[in-house]
Amino acid sequence: MQPKAPLGLAFSIPKGEDWRNEDSFHRSAKGVYALSDGASVSFDSASWARILVRRYTRNPVFTPEWLAAAIAEFRKLHDRDTLPWMKQASFDKGSFASLLGIRFLERGRLIQVLSIGDSLAVLCDGDCIKATFPYSVASEFNRAPRLLCTNQAENVFLDGVDVGYDLVADWSFSGLEQPALLCMTDALGQWLLSQRDRDASPISELRRVKTPAAFARFVQVERAAGRMKRDDTTLLALW
Amino acid sequence: MPYQAEISRENPTCILFVIDQSGSMDEITETGRSKAAFVADVLNKTLYTLVTTCSKADGVRNYFDVGVIAYGGSEVVSGFGGALSEGIVHPIQAISEHTLRIEERHKKVDDGAGGIIELKTKFPIWFEPKSTGGTPMRAALGKTMEMVAGWCETHPGSYPPTILHVTDGQSTDGAPEDVAGGLRQVATKDGETLLFNLHVTTAGGLEILFPTSETDLRDEYSRMLFRMSSPLPAHLAKFAGDKGYAVANGSRGFIFNGDPQCVVDFFEIGTRPKLVADR
């Protein structure tokens, strides 16, 4: 079953009022979705996140060549040799970001989720969480995630993984009465997994959010209550 | 739980390096350079790493206030030169802007296609090696306490200051243990000041890394430096463990007679408080 709403809902707010939002999301006309969370402590993670989501939605086949081309595009944004020493050093160290990609295969019967890093995909049936990927418990967000980097030396972890097996989950809407798919960056993902066993489902709480202002209010309340980490926070919801 | 405060531009932390520049620091180490030259090189590299960590395309973010206190002869002074010599502690952005000079170096890096290429890089110098006279350690730690107390007063909610003290000799202006004890008690709401000590020697023999007791330390002076050292907070103990050190519950931030790599690691572990936006 193909999702009826081509984009569904998408909300994103930065970690603070005067902060640049380093999360990025994009979708293609063919129904490919991508979300990326740029790591704040790196040179230009906002641009890197933007390149990753745009490239993924154009070509959702993640390979070493795909990554090399994305890095090449990023490197054209900055003239390394003319950067002052501290920016040059930071540029060399690299910019880091997660990548969460969603594509529908086999006429929408199969949902393929690619996840590198700590952005979370959630498959729901009504208010019930049926599956999450790549994490299933909130404490997993406390580990340092492996992120895609503009410095190839930092991507060696990919040499030891089978992309199609270790980084991909195959889901389906078949058999679900009220199927929905959510994609979110880590602060919201950690919140959701830490709240999943509450009587009032966290899914129903997210379902009530229908406007950017409502999303901002929801995030502010959860941050103030200490239940959500103060970080750039993004939700893509295919209800 | 102490040492949990998020480090951000609104709530930076303070890192102070306290460096012994007494005459004995001119002894030559196994690296072929003097202790003073080797420590200066590691300190410059550490400052470079701290600045790089805070550098983004749109500028340097003030996650850290950083100072260097140098002591030797009868002096306890700022270890920085030029514009930075006026005060002790400076925002990391000011550190990035005021180097003594920029050297050009070459490094080999992965070209992303299975090969290695050589890149020209700019390497800043802030701190020059120096070695002269006695070891006024008590006065240096007293000055450090004064700086840290002022900083904590203006940053009550921040991750507390970290002091990395490097010395090779016995204090010549009185026992510093009580001053160190007072320094460790200066606190923010997030915990007491962390004092880590590195005892560099050229004597050879057993190296003692992040010990939990003073039992294996031979001389009273090393034992005193151990007692002066703070226990490693959990996240730094984990980082030290990840680097291959045998760290146990109660390990202190103290290294005796470490090899050059231990000296480098001591600086790296000590300057690794958690950033709010750490990846």
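Ser47(A), Trp48(A), Ile51(A), Leu52(A) and Arg55(A) of H1(A) meet Ala70(A), Glu73(A) and Phe74(A) of H2(A). Meeting here is contact: C-beta atoms, placed from the backbone, within 7 Å. Helices (H or I, at least four residues) and strands (E, at least two) are DSSP runs, numbered from the N terminus.

This is a predicted model, in which local features need pLDDT of at least 70 and side-chain atom pairs count only at pLDDT 80 or more, while totals for chains, interfaces and linings use all residues. Residues are numbered from 1 along each chain as its sequence is written, with chains lettered from A and ligands numbered from 1 in the order in which they are written.

Nonpolar means Ala, Val, Leu, Ile, Met, Phe, Trp, Tyr, Cys and Pro; charged means Asp, Glu, Lys and Arg; the others, Gly among them, are polar. H1(A) spans residues 45-58 and H2(A) residues 64-75; they pack at about 135°, axes 10 Å apart. Axes are lines fitted to C-alpha atoms, for helices over the stretch in contact, and angles run from 0 to 180 degrees between N-to-C directions. H1(A) and H2(A) are therefore oblique to each other. Oblique is what remains after under 35 degrees (roughly parallel), over 145 (roughly antiparallel) and 65 to 115 (roughly perpendicular).

Next, the chain contact. Chain B puts in 20 residues and chain A 21 residues. On the side of chain B that touches chain A, H1 (35-54), E2 (55-56), E7 (101-110) and E8 (116-125) of chain B each supply at least two residues. H1(B) gives the most, four residues. That side of chain B holds nine nonpolar, six polar and five charged residues.

Now, how much of H3(A) is buried? Eight of its nine residues, 85-93. Buried means 20 or more other C-beta atoms within 10 Å of the residue's own; 12 or fewer is exposed, in between is partly exposed; C-beta atoms are placed from the backbone. Among the buried ones are Trp85(A), Met86(A) and Phe91(A). What do the buried residues of H3(A) pack against? H1, E2, E3 (59-60), H2 (92-97), E7 and E8, each of chain B. Just after H3(A), Gly94(A) has a positive phi of about 115°.

Last, H6(B), residues 234-242. Leu236(B), Ala237(B) and Ala240(B) are buried there. Their cover includes H7(B), residues 260-270. Just after H6(B), Gly244(B) takes a positive phi of about 100°.

Key. Two residues are in contact if their C-beta atoms, placed from the backbone, lie within 7 Å.
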